[in-house]
Amino acid sequence: MKTKLLAGLFFLILFTACKDDDIPEPENDEEIIDYVSLTFTPKSGGVPIIATAIDPDGEGVKDFEFTDIKLNEATEYQLSIDLRNTATNEDIGDEIREEADEHMFFFGFGQDIFTSPTGNGNIDSRQDDVNYDDEDSGGLPLGLKTSWTTGGVDTEKFRVVLKHQPGVKTATSDVSVGSTDLDLEWNIIIQ
Amino acid sequence: MNKLLFFLLISSVPWMALAQSNTCDVKVSGEVVDAVSKEPVAYATIQVVGSSVGVLTDEFGYFELDGLCDQEIDLKIAHLGYKSLVHHHDPDHHHHIVHLSPESLQLQGVVIEEVKKSAGLTSGVSKSISAKELDAYLGGNLGDALTTVSGVNAVSNGQNIVKPVVHGLHTNRVLIINNELRHEFQNWGDGHAAEIELSAVDRIEVVKGAATVRYGSEALGGVVKLSDAPLNLHSGFNGQAVMSGRSNGRAAHAAFNLQYGFDAVSLAVHAGTTKQGDLTAADYQLTNTGKQSWEAGLNARFHKGVSDFTLGLSHVQQKLGILRGSVVGNLNDLDTAMRTEPPYFTKDFSYEIGTPYQEVAHSMAKLKGLFLKGEHVFEIIYGLQRNSRKEFDVRRGTNNSLPSINLLLYAQSLSLDWEHPKLAAWKGNAGLQINFTDNNNIAGTNTTPFLPNYNTFKIGGYWIESVALTASTIDLGLRYDFQKSDVRGRDSSNEPYFNELRFENITATVGWNKVTDHFNISTNLGLAWRAPNMAELYSFGKHQAIIQYGLLRYEIDENGQISTGKILTNEDKNVGSELGYKWVGSVDHQKNKSRLSFTLYANWIKNYIYSRPYGITQTQRGALPYYIYEQTNALLTGFDIDWSVKHNANWQSKFSGDYVYARDVKNDSWFVGIPPAAVKYELLYQKKNEGKVDYWSVGLSPGYIFSQYQAPQVITVGEIIESEGQILNSATGVFDFLAAPAGYFLLQLNAKVNIKQFQLGLGVYNVTNAKYRSYTNTMRYFADEKGFDLSLDLKYNF
């Protein structure tokens with residue numbers, strides 16, 4: 001008798017909790033950056049030039065889509081970088097600014113396409129010239145704002161890398177330090 | 001009498017079946033060990049009470065009595081210096097482990113009865129790890145302890161996350177049964193090991209045959225059975241307490257295991273805790289490889305008349321650090337990390353565990369009833385398990401303190417087994433197993449979970465028979481399984497999706513076993529199956545420097561063009577279950593001072609699920625290679641060998657080795673991560689009763705692990721970056737980012753001293769502080785394995 005009761009109880013426990021149809025709660029995916037725009041504003045005034053990179057399908061198999069950077073020759077620009085998560089309509093740039101001491105942008109471009117900075121950027125060598133217009137609380141460069149002066153007519157590549165360097169960002173920490181939050185490459189046309 | 005018979009029956013696996021009849025061919029075997037040191041006791045006398053029949057144990061403590069006419073006899077086990085024991089033997093137990101207690105101690109000896117092959121089928125090859133062998137892993141992890149069984153290796157994701165590999169298969173292809181319940185956890189991917197602390201485990205048995213018929217799906221490679229200490233009646237108070245420390249990781253471990261056996265009730269409690277800091281490789285610190293864990297459990301048994309009830313409760317909590325330098329965001333990071341040594345973020349020693357780490361908790365409750373009615377035996381087991389897993393990654397801002405994976409799983413199971421009375425030469429049992437799991441994402445991870453919420457219902461029925469022939473036994477078994485999963489998830493744009501998955505399979509097994517004076521020969525052919533796991537079906541997105549798409553997350557058109565926009569159902573893509581056909585043959589030979597065991601196997605798996613690179617995609621972190629899960633056919637074959645020789649009373653040698661050959665037969669290529677061949681030798685010197693020292697031993701154990709020569713092609717990250725991914729378009733099949741590491745030589749040393757109830761152990765792992773990397777550890781891309789490690793442990797037997 002006792003046995004039957006016990007067995008009955010087992011089945012009761014087993015099958016009462018069975019059916020549910022809860023779907024996972026929607027999450028704000030804050031890691032994702034699916035919209036990046038580079039805004040080159042001529043320092044002498046004029047219409048800002050905007051180039052974008054857009055991820056059409058999140059973590060799906062489709063490639064990022066780029067529009068070219070088209071700058072005028074021999075012109076001084078300030079570049080500001082805008083990073084967004086369009087799904088949650090978040091400004092990732094704000095988060096970067098808040099954690100400026102853990103983040104840094106690095107730039108790479110065709111040899112001497114700018115008269116300032118000269119060279120090919122600081123991705124291959126940290127000490128190479130890039131004109132950072134912002135810095136973290138420790139006086140180290142950040143890179144959401146930078147200055148550029150174009151040289152003559154040319155078509156080349158322009159690469160932007162954002163590194164997350166928590167606790168390891170220093171005056172010498174290069175692009176190999178930390179993990180990569182962003183690494184995109186645009187075509188740049190100087191005309 | 002009846003009571004005693006029942007006591008013996010219930011401590012056995014009821015479906016065990018061995019030949020027996022009423023003529024004079026009854027055979028009894030067993031081993032005699034020292035209750036304190038667990039060392040075998042040679043030359044102990046085993047005598048049938050009231051007769052002149054008797055034998056001595058051999059050098060390994062083994063004995064065998066045959067040609068007995070009576071099914072039920074009393075055996076007297078005695079040895080100078082030990083308290084002698086009288087044990088009542090009944091026909092259902094052919095193998096005994098006799099624990100003799102030294103005369104100098106209060107301790108009482110006990111006899112643990114078991115069937116020599118408690119796998120349910122006599123022909124399914126199985127091997128056990130004794131308590132003595134487990135002593136060497138105090139405070140260590142389960143996966144490492146299991147590697148003492150030949151044919152069992154480990155795959156790991158750093159030193160704290162280690163999973164057993166049986167004959168080349170692991171994760172969902174090896175079933176873990178803990179305290180009689182199927183361990184239910186997030187058993188997918190590389191990085192999740194079973195949440196089990198060794199201090200809770202009394203005995204380990206590895207079944208190397210495909211044992212699906214008895215245990216259900218997933219047992220393609222084999223079954224790892226972990227048992228808590230047996231609950232003995234009338235045994236009074238006994239138990240042990242352990243304290244141990246290790247130099248590497250400056251780890252400390254403490255545990256106890258206490259038991260009281262009354263006349264009708266037996267109670268046992270166990271608990272253990274471990275704290276380990278950063279480990280050290282030969283040349284540098286492995287930053288963030290600490291571990292903190294604790295476990296506690298209670299087992300109780302109540303015995304009355306023809307009924308016997310067992311209650312089991314346990315809880316495990318672990319916080320496991322993962323090497324900080326293994327975190328990469330893209331291919332450039334991976335390239336740098338692989339070329340940087342010591343790894344980035346390497347700091348001085350610390351007990352602190354930062355991101356990335358895992359926080360896991362597993363609780364279980366078991367209720368078991370055993371009932372006798374005439375010669376029928378009924379067993380019913382209900383289990384309830386709760387498994388919580390949180391994984392913390394290196395993330396930006398406040399997200400760094402949020403888990404990026406947070407899953408909670410509840411599992412219930414009910415199993416019923418009926419053993420029928422013996423009918424002529426036929427013995428057997430039949431049963432029903434019902435499982436229900438409910439797996440849910442806990443909100444608040446700020447990342448879209450790729451793993452859906454799901455409920456899975458499984459039901460399976462089996463029937464197993466053993467037929468005794470004149471000099472051998474034939475096993476036959478048949479099983480039917482059905483399982484259904486209701487899936488509810490969200491796609492990458494947060495839109496909900498639903499799916500229902502159904503699988504059903506019929507499996508069977510047939511085997512043959514013959515035991516002669518010196519040989520024990522078995523052969524077994526078994527079918528096994530498993531359904532694809534949720535990660536294999538629904539993976540979507542980046543993990544470290546690669547992207548993975550599950551079987552239901554991508555489509556490939558006639559032109560080979562891939563798209564990942566749609567979530568497929570089983571109507572769109574028919575994903576079949578994995579089906580394994582495993583043959584195992586084994587020969588054990590035992591004569592005089594030598595014991596040799598050789599196992600040969602071949603396992604053909606249809607619809608084998610694996611992931612392979614398919615292309616490269618431009619992401620926010622640059623170009624990343626992406627992998628798709630696919631199904632193929634696999635062949636795994638190999639052998640294991642164990643050989644031990646007692647040279648004399650003091651010197652003993654042991655040799656073991658194993659080899660696996662694994663091939664993707666459809667694509668004609670190798671798989672990544674198959675354990676390489678390994679050989680190990682151990683030379684042991686032991687001495688008994690020297691002055692106040694009851695026992696002492698010193699062992700030296702060199703081992704060599706070969707490089708994996710049967711590894712797929714290598715395409716380095718540098719080559720991928722340089723070719724802007726083009727190299728992946730022209731390459732076909734599986735590749736690895738790095739060549740398999742070189743073979744390595746490891747030297748281990750251990751020493752043991754027993755004085756009365758105390759046992760002091762000393763161990764040195766990696767004596768030469770060798771710098772090496774293991775092919776089956778995913779951390780091999782980033783850092784060396786653990787260097788020199790000195791351990792010291794003190795054990796007290798109550």
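Two rings of Phe, Tyr or Trp count as a pair when their centres lie within 6.5 Å. With that in mind, take a look at chain A of this predicted model: ring pairs there join Phe40(A), Tyr77(A), Phe105(A), Phe107(A), Phe109(A), Phe114(A), Tyr132(A), Trp148(A) and Phe158(A) into a cluster.

Counting over all chains, the structure has 40 aromatic pairs. What about their surroundings? Phe540(B) counts as buried because its relative accessibility is 11%, and Tyr549(B) counts as buried too, at 0%.

Now for the place where the two chains meet. Here are the residues that each one brings to the contact:

| Chain | Residues in the contact |
|---|---|
| chain A | 52 residues |
| chain B | 63 residues |

Between them, chain A and chain B bury about 4700 Å², and carbon and sulfur atoms give 52% of that area. There are 2 salt bridges between the chains. One of them pairs the side chains of Lys163(A) and Asp333(B), with N and O 2.7 Å apart. Polar contacts link 27 residue pairs across chain A and chain B, counting pairs with both residues at pLDDT 80 or more.

Which parts of chain A touch chain B? At least two residues each come from α1 (2-16), α2 (92-98), β11 (154-164) and β12 (179-190) of chain A. The most come from α1(A), which supplies 8 residues. By type, the side of chain A that touches chain B splits into 24 nonpolar, 9 polar and 19 charged residues.

Terms used. Residues are numbered from 1 along each chain as its sequence is written. Chains are lettered from A and ligands numbered from 1 in the order in which they are written. This is a predicted model: local features need pLDDT of at least 70, side-chain atom pairs count only at pLDDT 80 or more; totals for chains, interfaces and linings use all residues. Side-chain values use heavy atoms; hydrogens and water are left out. Contact means heavy atoms within 4.5 Å. Buried area is the accessible area (1.4 Å probe) that two parts lose on being put together, summed over both. A salt bridge is a side-chain nitrogen of Lys or Arg within 4 Å of a carboxyl oxygen of Asp or Glu. A polar contact is a pair of N or O atoms within 3.5 Å; within protein, one must be able to donate a hydrogen and the other to accept it, and residues adjacent in sequence count only if both atoms are side-chain atoms. Helices (H or I, at least four residues) and strands (E, at least two) are DSSP runs, numbered from the N terminus. Ala, Val, Leu, Ile, Met, Phe, Trp, Tyr, Cys and Pro count as nonpolar, Asp, Glu, Lys and Arg as charged, and the others, Gly among them, as polar. Rings of Phe, Tyr and Trp (its six-membered ring) pair if their centres lie within 6.5 Å; planes under 30 degrees apart count as stacked, over 60 as edge-to-face and the rest as tilted. Buried means under 20% relative accessible area, exposed over 50%, partly exposed in between (1.4 Å probe, protein chains only).
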